[in-house]
Amino acid sequence: MGRNTRKRRTPLATKAVAASAALALGGGGLIWANFYASAHEENSANQTKSAGAQIATIQCPDVGQKLTDVPDGARQGVDKELANLDKQITEAYTRLASTRQAQAGDSGFVNNAILGPLKSKRTAVIDRIGINIRRVGGQAPGNLEQLAACQGMAADANTNDGQAGDGQNNDGQNNDGQNNDGQNNDGQDQGQDNGQGQVGDNGNGAAGPVAADFVNINDVQPNSRNLPNGLAANGDGGSTGSFTAKCGVNENDLFNSDNLIVAPGVDNGAHHTHDYVGNQDNDAFSSDEDLANAGTSCQNQGDKSTYYWPVLRLQDGTQEFDAGDLGGGAEGNVGKILKASQADMKFVGNKAGDVVAMPKFLRIITGDAKAFTNGLANANTSFSCTGFEDRQVTDKYVICPEGSQVVRTSNFQSCWDGQNIDSANHRDHVAFVQQDGSCANGFKAIPQLQVRLVYDVPAPTIENGQVKSPYAVDGFPEQLHKPITDHNDFINVMDENLMNTVVQCINSGQDCE
């Protein structure tokens, strides 16, 4: 399987991190083996109690989401500093996961050796963000420095109530990065011995998913999706047409771990691998001009838009092309990459009225790659099974019956502020429709992109509390491969004639391709 072959800069610091991560993983999951093995040590009562107190991951305030007013002249510098914050969290999480023996013998280790130094590093970066903004005459938020401190978080923190991201370990005692009551929520370890000398790591070094991350589709109630985001914008009234973009399923093997929207100019800005369809020149260093001049996998050559999402992997021990790379195996994203058997990109209308054309190079992110630690404010994901698509689940991977396939669905924001192709936090220039389909705050209705991905996935099994042969979306290492972190990205690079056709089809009630 290939990857994006465009030559990119690889700083020495990046190479050093890759080497460090690869060493920690050791090709056989030593990070996760140490984590779960130490949780079961019985050399002394103190070690056992301390191991039970260990946190599973690191939660840090999402600085980028607080930056709603960054002058254009500061955007590039700020984006690079935000990427530095992500890199720091990844490095700290790697240290957290690889020092479980030390944590078992020292209740202050996490706070003193990991969270304290991380706060110092984040403080320096946040200060540089403020300097970037003020240098061009902008005004940085006054409380940015308060976002430097990070906390510990349990693996089973509750995302259903929207409280994930408060940094607490469910008992409210984890505010200093330690679990002061010495209990891991219910006093039980998360993993269970899988008979391979490791616990909870699926036998291949992956930090999740765990059995609790899966649900049988038959146990999901119809119409029970519980997120406020991602409503279908169209209905029986308004603009009822559609336009389907046929762009394949990444037959060209275009993969990288960049994110052109969030981290332009930053190698491995996503810390996980993406599938790409549509535009064929999409990496961190692609300019709008590059996108406009690129080839496309779409049948309609007027559509050079880029559609991309985190890859889905089967955690079966396969050594993929990125097994030793940042974004791949060096950051816990392991196993066989599964291509979608279907990738449907459909643009639909608005049930309250007509839609207007999207501006060229409009950027939209739907969902939140950090929803496990951030909470549900921007989460927008659905998993289902073919034949059961009235049953959508947001915080679980689904187990489908024989003959049924896994479905990932993302309905994008379809209200636009009428002015900007992006915003400082990559959110504020677009919004979801209201319940009646209308757009609030003077925003304009645009075609809603709906992405439906279908996968042939061997059904995982759960035995003795342990999931066998799981699948998972790629993600930031500290997000533990939670399904709530699924997300999808889009940059509109349709030419003017095609966009006008899309709008005309939708507003006139036609179904076009």
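Cys60 and Cys150 form a disulfide (a pair of cysteine sulfur atoms within 2.5 Å), with their sulfur atoms 2.1 Å apart. Cys60 lies in the loop between β1 (57-59) and α4 (63-66) and Cys150 in the loop between α7 (109-135) and β2 (151-153), so the pair ties together parts that are 90 residues apart in sequence. This is a predicted model, in which local features need pLDDT of at least 70 and side-chain atom pairs count only at pLDDT 80 or more, while totals for chains, interfaces and linings use all residues. Residues are numbered from 1 along each chain as its sequence is written, and side-chain values use heavy atoms, with hydrogens and water left out.

**Disulfides**
- The whole structure holds five disulfides, and the bonded cysteines, counted along the chain, follow the pattern 1-2, 3-4, 5-6, 7-8, 9-10.
- Cys385 belongs to strand β12 and Cys400 to the loop between β13 (397-399) and β14, so parts 15 residues apart in sequence are tied together.
- Cys385 counts as buried at 0% relative accessibility, and Cys400 counts as buried at 11%.
- In the disulfide of Cys415 and Cys439, the sulfur atoms are 2.1 Å apart.

**Sheet and helix**
- Six strands form an open sheet in the order β12-β14-β18-β10-β4-β23, with mixed pairing (strands are DSSP runs of E with at least two residues, helices are runs of H or I with at least four, both numbered from the N terminus; two strands pair if DSSP finds at least two bridges between them).
- β12 (382-385) and β23 (511-512) are at the edges with a single partner strand each, so one side of each has no neighbour in the sheet.
- Helix α10 (residues 496-507) packs on the sheet and touches β4 (242-245), β10 (342-348) and β23 (contact means heavy atoms within 4.5 Å).

**Asp303**
- Asp303 is in the loop between α8 (288-293) and β7 (306-310).
- Not counting residues up to four places away in sequence, Asp303 touches Ala245, Cys247, Thr296, Cys298, Val493, Met494 and Leu498.

Definitions and conventions: Axes are lines fitted to C-alpha atoms, for helices over the stretch in contact, and angles run from 0 to 180 degrees between N-to-C directions. Buried means under 20% relative accessible area, exposed over 50%, partly exposed in between (1.4 Å probe, protein chains only).
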